[in-house]
Amino acid sequence: MRNLTLKDIIAILRNRIVLIIILPIVTMTVAAYLSFNVIVPTYVAQTSLYVLNTSNEQISSSDLTAGLQLIEDYREIAKSNSVVSGTARKLELPDLKGYDIDVSSVNDSRVLRISVTGTDPTMTANVANELAAQFTERVMEILKVDNVSVIDSADTPTIPFAPKKAQNILIAGLVGLVTAIAVSIAIDMLNTTVRTSDDIEEQLKLPVLARIPKIEEKKS
């Protein structure tokens, strides 16, 4: 294995330019095929709710503080089996196993966001909206107050959340390029063939005493 200079690396890349061009094209083609034909698109629908700790029209600062403290409790209620199963029954679905449900507070505020990811954009939006409705009803049953208001209902998403086709193709191209460069350099470094007098000096640690020039035969 020999030490490579920048000049050596440039020469290696020039000699294997075909590999460096073809491999990224192949990886990008495979990524494009998978993104457009194999990977099932998924959609995300979101609904947001506002949480207070009062059912009166007059809202005090203590109500706002208490509402913020209840956010964690409300997140657990929103993800509870009663809310999820109630949503499935309302939509006449056997269950919601095909949907990824995430409940979070927006910037640690009193705003609760329910996000649903699924492969059917219309049903994904329906699930998000019904989860919000079931959650509101469940809170009324448990806390005996009507303190949850819907800010935004979920709209039917029109653009897939995943796969990110352009990003996948770009990443595949970069991976192919890096792999081609790494393979080219590795092949050269593992090649122990003596090609120049410098290789002899490096491997044998002996000086070259004489060189025989290559004489090309002249055509008569």
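Visitor: Before we start, what do buried, partly exposed and exposed mean here?
Guide: Buried means under 20% relative accessible area, exposed means over 50%, and partly exposed is in between, using a 1.4 Å probe and protein chains only. This is a predicted model, where local features need pLDDT of at least 70, side-chain atom pairs count only at pLDDT 80 or more, and totals for chains, interfaces and linings use all residues. Residues are numbered from 1 along each chain as its sequence is written, and side-chain values use heavy atoms, with hydrogens and water left out.

Visitor: Thanks! Is Glu-92 buried or exposed?
Guide: Glu-92 counts as exposed, because its relative accessibility is 73%. You'll find Glu-92 in the loop between helix 5 and strand 2. Helices (H or I, at least four residues) and strands (E, at least two) are DSSP runs, numbered from the N terminus.

Visitor: What about the phi of Glu-92?
Guide: That phi is positive, about 60°, although Glu-92 is not a glycine. Most residues other than glycine have a negative phi.

Visitor: Which residue after helix 6 has a positive phi?
Guide: Lys-144 follows helix 6, and its phi is near 60°.

Visitor: Let's stay with helix 6. How far apart are its end C-alpha atoms?
Guide: They are 33 Å apart, which agrees with the 33 Å that the 23 residues of helix 6 (residues 121-143) should span at 1.5 Å a residue. The expected span is 1.5 Å times one less than the number of residues.

Visitor: And what sits at the start of helix 6?
Guide: There, a side-chain oxygen of Asp-120 reaches to within 3.1 Å of the backbone nitrogen of Thr-122.

Visitor: Which residues of helix 6 are buried?
Guide: Among them are Met-123, Val-127, Leu-131, Phe-135 and Val-139. The buried residues of helix 6 pack against several elements, including strand 1 (43-51), helix 4 (71-78) and strand 3 (111-118). Contact here means heavy atoms within 4.5 Å.

Visitor: How many salt bridges are there?
Guide: The count comes to 1 salt bridge, meaning a side-chain nitrogen of Lys or Arg within 4 Å of a carboxyl oxygen of Asp or Glu. The side chains of Arg-138 and Glu-141 form it, at 2.9 Å from N to O. Both residues lie in helix 6, 3 residues apart, about one turn of the helix. Arg-138 is partly exposed at 30% relative accessible area, and Glu-141 is partly exposed at 46%.

Visitor: New topic: where is Ser-35, and what does it touch?
Guide: Ser-35 is in helix 2, and it counts as buried because its relative accessible area is 4%. Not counting residues up to four places away in sequence, Ser-35 touches Pro-163, Lys-165 and Asn-168.

Visitor: What kind of peptide bond joins Ala-162 and Pro-163?
Guide: A cis one, with omega about 0°. Most peptide bonds are trans. Pro-163 lies in the loop between strand 4 and helix 7 (165-190).

Visitor: Where does Pro-160 lie, and what does it touch?
Guide: Pro-160 is in the loop between strand 4 and helix 7. Not counting residues up to four places away in sequence, Pro-160 touches Pro-41, Thr-42 and Tyr-43.

Note on methods
A polar contact is a pair of N or O atoms within 3.5 Å; within protein, one must be able to donate a hydrogen and the other to accept it, and residues adjacent in sequence count only if both atoms are side-chain atoms.
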